[in-house]
Amino acid sequence: MTHFFFKFNFVGAFITLIAYLVYSGLIYLGFNYTIALVFDYVVGVILGLFLHHKYTFKNSDRLNKVVIVKAIFSNVVIFFINVATLYVLIDLYKNNEYLSQIISLVIIAVCSFLFYRFYIFYGLK
């Protein structure tokens with residue numbers, strides 16, 4: 001599992017950087033953090049699904065509908081965890097929107113790994 005976790009985080013760091021740039025850019029332009037997060041997730045889900053499929057889990061099969069539906073479901077759950085975390089950090093504790101998302105990413109990285117490893121790509125060869 002350590003091997004997968006390392007590869008997942010390496011690929012995930014790239015995906016997170018791109019998605020965070022989308023989030024930060026939209027916050028900078030004045031968007032609400034929830035709206036910015038929706039766009040962040042759209043980019044992250046698309047990149048995550050394809051990059052983790054090809055590089056992290058080295059699955060040679062084509063992506064099928066079941067995997068795609070599992071990925072969408074998983075990321076919707078993770079999205080709501082992320083929104084709840086941001087709500088606490090930003091609205092209740094009055095933290096900065098940029099820093100709050102960076103803090104939230106720690107929780108999200110663990111959740112994402114668990115979903116991708118044990119649900120989305122579980123049992124695929």
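Helices are DSSP runs of H or I with at least four residues, numbered from the N terminus. The structure is a predicted model, in which local features need pLDDT of at least 70, side-chain atom pairs count only at pLDDT 80 or more, and totals for chains, interfaces and linings use all residues. Residues are numbered from 1 along each chain as its sequence is written, and side-chain values use heavy atoms, with hydrogens and water left out.

The lining of the largest pocket receives at least two residues from each of H1 (2-28), H2, H3 (65-92) and H4 (97-120). A pocket is an open set of points on a 1 Å grid over the protein atoms alone where a 1.4 Å probe fits, with protein on both sides within 12 Å along at least five of seven lines; lining residues have an atom within 4 Å of a point. Its space amounts to about 390 Å³, the volume being that filled by probe spheres set on points joined across faces, edges and corners. Gly12, Ile15, Thr16, Ile108 and Ser112 are the closest to the centre among the 22 lining residues. H1 provides the largest share of the lining, 8 residues.

H1 and H4 pack at an angle of about 145 degrees, their axes 10 Å apart; axes are lines fitted to C-alpha atoms over the stretch in contact, and angles run from 0 to 180 degrees between N-to-C directions. Residues in this contact (heavy atoms within 4.5 Å) include Thr16 of H1 and Ser112 of H4.

His53 lies in helix H2 (residues 33-56) and counts as buried because its relative accessibility is 8%, buried meaning under 20% relative accessible area with a 1.4 Å probe and protein chains only.

Technical notes. Buried means under 20% relative accessible area, exposed over 50%, partly exposed in between (1.4 Å probe, protein chains only).
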